[in-house]
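Here is a short note to read beside the model. Please keep the structure open and find each residue as it comes up.

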Amino acid sequence: MNCRDALEFLADYLDGNLPLKQQLSMRLHLSLCRHCRHYLDSYRKTISASRSAFPDSKSCEELPEDLVQAILATQKRGPRADG
Amino acid sequence: MEESFIQDDSELVRALRVGEAAAFERIVREYGGRLLAVAEKLLSNHDDALDAVQDAFLSAFRSIESFDGRSLLSTWLHRIVVNVALMKLRSKRRRPEQSIDDLLPTFLPDGHQAHPVARWRRSGQEIAEQNELQAIVRSKIEDLPDSYRIVLVLRDIEEFDTETVAQMLEITPGAVKVRLHRARQALRTLLDPVLGNSSK
């Protein structure tokens, strides 16, 4: 396995989806290649940085009440005359 | 658990199809918040996101007959809000979507990386705890081409699984995986100058 292969299989490696043989090749490559080890570490941090960039994303925000009422009122009136 | 949701969906869909007012209210209250969260991340603007959610619900109400039950109702609604958001983004952009190729790693003919990779000294916790870094990450996510940013938002931030995102975007799970990997690699490149060279 070379760097090109290692970086291509990175997501599957992190998800534990690589077949055993490829997983072992990946581990061997990472033990030998400092650049790919650094890349793997920064790739992991990129994923966690995306998640932590929106700290409230899992809290289910509610729609403002006026928007709820506007949607329901428009629905009641039936299809809009869009032209 | 999943089955009870689907049964619940089919009852709700039946009520929507016969025009029960309570069903319209339930769908707006039950799914509106999550749709708004997604629209805000895609559009990066609260008012545009509110418009997108309103348009998405009205479109969903008009086309409820076309809901075939092959996905969850929430997945179908997300598909609609993503499409509405995409249309809004396209109507605002003057330039066509940029290629992501320049942000992907490059290799020598023998398959080794063409450029040395610096170690990121910032810890994940440090990134998570600093508002300033969070704002930088958000702005770099905004810089990604739409088709990649959408997958990153739905998978890595909203944490939907690959199959669900594939249904939302009407692409194959394989295409979701490829786009997600490319999006993460591109974002890594954009964050490298910020997170790769600090000794703090």
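1. **Helix 5 of chain A and what covers it.** What covers the buried residues of helix 5 of chain A? The cover includes helix 2 (21-43) and helix 3 (46-62) of chain B. Contact here means heavy atoms within 4.5 Å. Helices (H or I, at least four residues) and strands (E, at least two) are DSSP runs, numbered from the N terminus.

2. **Ground rules.** This is a predicted model, in which local features need pLDDT of at least 70, side-chain atom pairs count only at pLDDT 80 or more, and totals for chains, interfaces and linings use all residues. Residues are numbered from 1 along each chain as its sequence is written, chains are lettered from A and ligands numbered from 1 in the order in which they are written, and side-chain values use heavy atoms, with hydrogens and water left out.

3. **The two sides of helix 5, chain A.** This helix covers residues 65-77, which is 13 residues. From first C-alpha to last, helix 5 of chain A reaches 18 Å, close to the 18 Å expected at 1.5 Å a residue. The expected span is 1.5 Å times one less than the number of residues. The buried residues of helix 5 of chain A are L67(A), V68(A), I71(A), L72(A) and T74(A). They cover an arc of only 160° around the axis, so they sit on the same side of helix 5 of chain A. The arc is taken from the directions from the helix axis to the C-beta atoms. Buried means under 20% relative accessible area, exposed means over 50%, and partly exposed is in between (1.4 Å probe, protein chains only). The face turned away from the buried side carries the exposed residues D66(A), K76(A) and R77(A). After helix 5 of chain A comes G78(A), with a positive phi near 90°.

4. **Why one side?** An α-helix has 3.6 residues a turn, so residues three or four places apart point the same way.

5. **Helix 6 of chain B.** Now look at residues 131-143 of chain B. Helix 6 of chain B has 13 residues and reaches 19 Å, close to the 18 Å expected. Its buried residues are L133(B), Q134(B), V137(B) and I141(B). Seen down the axis of helix 6 of chain B, they fall within an arc of 100°, so they line one face. N131(B), E132(B) and D143(B) are exposed on the other side. The buried residues of helix 6 of chain B pack against helix 4 of chain A, and also against helix 5 (124-129), helix 7 and helix 9 of chain B.

6. **Chain B as a whole.** How many helices and strands does chain B have? Chain B has nine helices and zero strands. Its C-alpha trace spans about 60 × 40 × 35 Å along the principal axes. Of the 200 residues in chain B, 49% are buried. Take the contacts in chain B with a separation of 6 or more: residues 24 or more positions apart account for 66% of them.

7. **Cysteines.** A search of the whole structure finds zero disulfides over all chains. A disulfide is counted when two cysteine sulfur atoms lie within 2.5 Å. C3(A) is in no disulfide, and its nearest cysteine sulfur, that of C36(A), is 3.7 Å away. C3(A) counts as buried, at 2% relative accessibility. C36(A) is buried too, at 1%.

8. **Salt bridges.** The structure holds 19 salt bridges over all chains. The cut-off is a side-chain nitrogen of Lys or Arg within 4 Å of a carboxyl oxygen of Asp or Glu. D41(A) forms one with K45(A), with the closest N and O atoms 3.2 Å apart. Both lie in helix 4 (residues 34-52) of chain A, four residues apart, about one turn of the helix. D41(A) is partly exposed at 26%, while K45(A) is buried at 12%.

9. Which residues join R51(A) in a network of salt bridges? D156(B) and R184(B) are linked with R51(A). R51(A) pairs with D156(B), the closest N and O atoms being 3.8 Å apart. This pair crosses between chains, from helix 4 of chain A to helix 7 (residues 146-157) of chain B. R184(B) also pairs with D156(B), at 2.8 Å. R184(B) lies in helix 9 (residues 173-195) of chain B and D156(B) in helix 7 of chain B, so the pair ties together parts 28 residues apart in sequence. R184(B) and D156(B) are both buried, whereas R51(A) is partly exposed, at 34%.
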